[in-house]
Amino acid sequence: MLKHLLVHVPSESLIRPIVDGAVSLAAARAAHLDAVSVGYEAASIGLPVDGGAAVATVFEVEHERALARANAALAIFETEARHAGIGYGLRALAGFPAEAAATVSASARLYDLTIVLQPTSDRDTFDNIMPQEILFQSGGPVLFVPHIHKGPIEPRRIGIAWDGSRLAARALRDAAPFLARADAITIISINEAEAPADASAATLAAHLARHDLTARIERSSADHGDIQPAILSIAADAGLDLIVMGGYGHSRLRERILGGVTRAMLQSMTVPTLMSH
């Protein structure tokens, strides 16, 4: 059941793809959608030499400016949420990046799904880092919306990137509400010989059949550096509108270690992608 959703609305990056996608998904599922946006405070700002009250004023001004950026982003979201007639909530935050990531990620733990925007490479902003922080810290499923996405999100043709791993299994279970409504399911198996024999693509197809879900298997082989392009190639050929996959890696803000396929997908995704860690 997807009844309680959270969306992170960037304050320093693209807004329209994530707002349109999240609102449409909430409307299709009759779900409540809470939106959070963070205005980031600079870690280092010029301070007056006389200190005291003047320093406090500088920090207060920086805080208010950051909060204003968050509220401006939420105002755009609120307009669309009202127009769609969905139940929604708003939360504007201002703070330093590490604190903001911890706060939003903790909040995300009590939602059925968190919706975030794919990081973009054309701007140096913490809004590019927050989505993967939520993935690694929240403990729940995260739906990444490509920055090139337009229109609503209600997937009907779903691909499961399957390697038999724990994280792939976690993503599979988290995707159950989407799979239940799918018109077509494709199991994407790259280098199947490397997967556990007891968790093969065929075994997964049999598992899904017990849930009255029919899936076809697309197998392919690729060098490790070419796995992500192979997944997207199959997705394009099958006309997929959602990919389900494990999110590999570990994140500590200053020590982000992403698995190669996860990193490549975040950089070059072409359709909404549900990841679990």
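How many aromatic pairs does the count come to? The count comes to two aromatic pairs, where rings of Phe, Tyr and Trp (its six-membered ring) pair if their centres lie within 6.5 Å. This is a predicted model, in which local features need pLDDT of at least 70 and side-chain atom pairs count only at pLDDT 80 or more, while totals for chains, interfaces and linings use all residues. Residues are numbered from 1 along each chain as its sequence is written, and side-chain values use heavy atoms, with hydrogens and water left out.

**Aromatic pairs**

- Tyr40 and Phe126 form an edge-to-face pair, with 5.1 Å from centre to centre and 75° between the planes; planes over 60 degrees apart count as edge-to-face, under 30 as stacked and the rest as tilted.
- Tyr40 belongs to strand β2 and Phe126 to the loop between β4 (113-117) and α4 (130-138), so this pair ties together parts that are 86 residues apart in sequence.
- Helices (H or I, at least four residues) and strands (E, at least two) are DSSP runs, numbered from the N terminus.
- Tyr40 and Phe126 are both buried, a term for under 20% relative accessible area, with exposed for over 50% and partly exposed for values in between (1.4 Å probe, protein chains only).
- Phe77 and Tyr88 also form an edge-to-face pair, at 6.1 Å centre to centre and 80° between the planes.
- This pair links distant parts of the chain, eleven residues apart: Phe77 is in helix α2 (residues 53-84) and Tyr88 in strand β3 (residues 88-95).
- Phe77 is buried at 0% relative accessibility, whereas Tyr88 is partly exposed at 23%.

**Positive phi**

- Most residues other than glycine have a negative phi.
- Ala30 has a positive phi, near 50°, and sits in the loop between α1 (16-29) and β2 (32-40).
- Ala30 is exposed, with a relative accessible area of 61%.
- Asn191, not a glycine, has a positive phi of about 55° and lies in the loop between β7 (184-190) and α7 (201-209).
- Asn191 is buried, with a relative accessible area of 13%.

**Helix packing**

- Helix α8 (residues 227-238) and helix α9 (residues 260-268) pack at an angle of about 50°, their axes 8 Å apart; axes are lines fitted to C-alpha atoms over the stretch in contact, and angles run from 0 to 180 degrees between N-to-C directions.
- The contact (heavy atoms within 4.5 Å) is made by Ile227, Gln228, Ile231 and Leu232 of α8 and Val261, Ala264, Met265 and Ser268 of α9.
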